[in-house]
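Me: I am new to this structure and would like to learn how to read it. Could you show it to me and take me through some features one by one?

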Amino acid sequence: MGFVNENPLAPDCYFCSNRHKSVLKCVSMDSLDKINSTKEFRIFRKGEFVIHSGDKAEGFYFIKSGCVRIYRNSSSGKEQTFSIRRSGEWVGFRDLLTGSNFSQNAEALESVEACYIQKDVLEDLMKNDSKLQLEILKQMAIEWKELEDQTVALGTKQVHSKLAELLISFQAASGNEPEIELNLTREIMASMVGTTTETLVRALSDFKNRDWIEIHKNRIRFLNLEALRGISNLETKTHS
């Protein structure tokens, strides 16, 4: 588990650029004062759990830097990755609201800095800040739609289509850069598109052979985004 950083250089909410990418962009100054004075700044090393399935949800995290993988283990022990969370996004929020234990694991894919907000602080903020309430509802609606889209894609799209969609989403999350770094193993990527590692590797090789992408270790350069977008929209009734 990560540790609380007592460093006086821990981020100040007033000057944090990530605040404007999160639901906190609209909070009142009183709410921001409360968050800034009560948050706990934590650092997680690569491979550490940010949250662990089954633990009691007593707070949640906003990611300041780094990437976090959200996944769950099936009864057979197989991992299913649902999403990759990045700076400005939250981790553990849904389970905190429902009052349940964490239902998913959150693993640091690289060094992660995050701010922990306790449940009682959040409840107080939501009671007194109507703008925050609305922004949270909007964000949860967005995430519900993304989950629905992901569920439909897993059931109706072929591997090439799902992989193209995944790569495009990674590129968008990286600011639409022509080349991105992926801190994901092929096994994790395979679980995200619902296929085997071998099939995923073959699909990546196919994209490379078609000159749609270049792959250098953990970096991917996009050579033909239009082709990837085209194949990502293809749906079929044949399950991969």
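Me: Which residue lies over the face of Y116?

Reply: A charge counts as sitting over a ring if NZ of Lys or CZ of Arg is within 6 Å of the ring centre and within 35 degrees of the ring normal. Here R42 lies over the face of Y116, at 4.2 Å from the ring centre. R69 is placed over the face of Y71, at 3.9 Å from the ring centre.

Me: What should I know about the model behind such values?

Reply: This is a predicted model, in which local features need pLDDT of at least 70 and side-chain atom pairs count only at pLDDT 80 or more, while totals for chains, interfaces and linings use all residues. Residues are numbered from 1 along each chain as its sequence is written, and side-chain values use heavy atoms, with hydrogens and water left out.

Me: How many aromatic pairs does a search of the whole structure find?

Reply: Rings of Phe, Tyr and Trp (its six-membered ring) pair if their centres lie within 6.5 Å; planes under 30 degrees apart count as stacked, over 60 as edge-to-face and the rest as tilted. The search finds 7 aromatic pairs. One of them is F60 with F93, an edge-to-face pair with 5.0 Å centre to centre and 80° between the planes. F60 belongs to strand β4 (residues 59-65) and F93 to helix α2 (residues 93-98), so this pair ties together parts that are 33 residues apart in sequence. W90 and F93 also pair, but stacked, at 4.0 Å centre to centre with 5° between the planes. Together, F60, F62, W90 and F93 form one aromatic cluster.

Me: Are F60 and F93 buried or exposed?

Reply: Buried means under 20% relative accessible area, exposed over 50%, and partly exposed in between (1.4 Å probe, protein chains only). Both F60 and F93 are buried, and W90 is buried as well. Across the protein chain, buried residues make up 43% of the 240 residues.

Me: How are helices and strands picked out, and how many are there?

Reply: Helices (H or I, at least four residues) and strands (E, at least two) are DSSP runs, numbered from the N terminus. The protein chain has 8 helices and 12 strands.

Me: Which residues of helix α8 are buried?

Reply: In α8 (residues 225-232), the buried ones are A227, L228, I231 and S232. They cover an arc of only 130° around the axis (taken from the directions from the helix axis to the C-beta atoms), which puts them on the same side of α8. Their cover includes α5 (159-173), α7 (197-209), β11 (213-216) and β12 (219-222), where contact means heavy atoms within 4.5 Å.

Me: Which residues touch the most other members of the largest nonpolar core?

Reply: In soluble globular proteins, nonpolar side chains tend to be buried together. A nonpolar core is a set of buried Ala, Val, Leu, Ile, Met, Phe, Trp, Tyr and Cys residues joined through side-chain atoms within 4.5 Å. The largest one here has 30 residues, and L167 and F207 touch the most other members. Two or more residues each come from α5, α6 (186-193), α7, β11, β12 and α8. The largest share, 7 residues, is from α5.

Me: Where is D211 found?

Reply: D211 is in the loop between α7 and β11. Although not a glycine, D211 has a positive phi of about 65°. This residue is exposed, with a relative accessible area of 53%.
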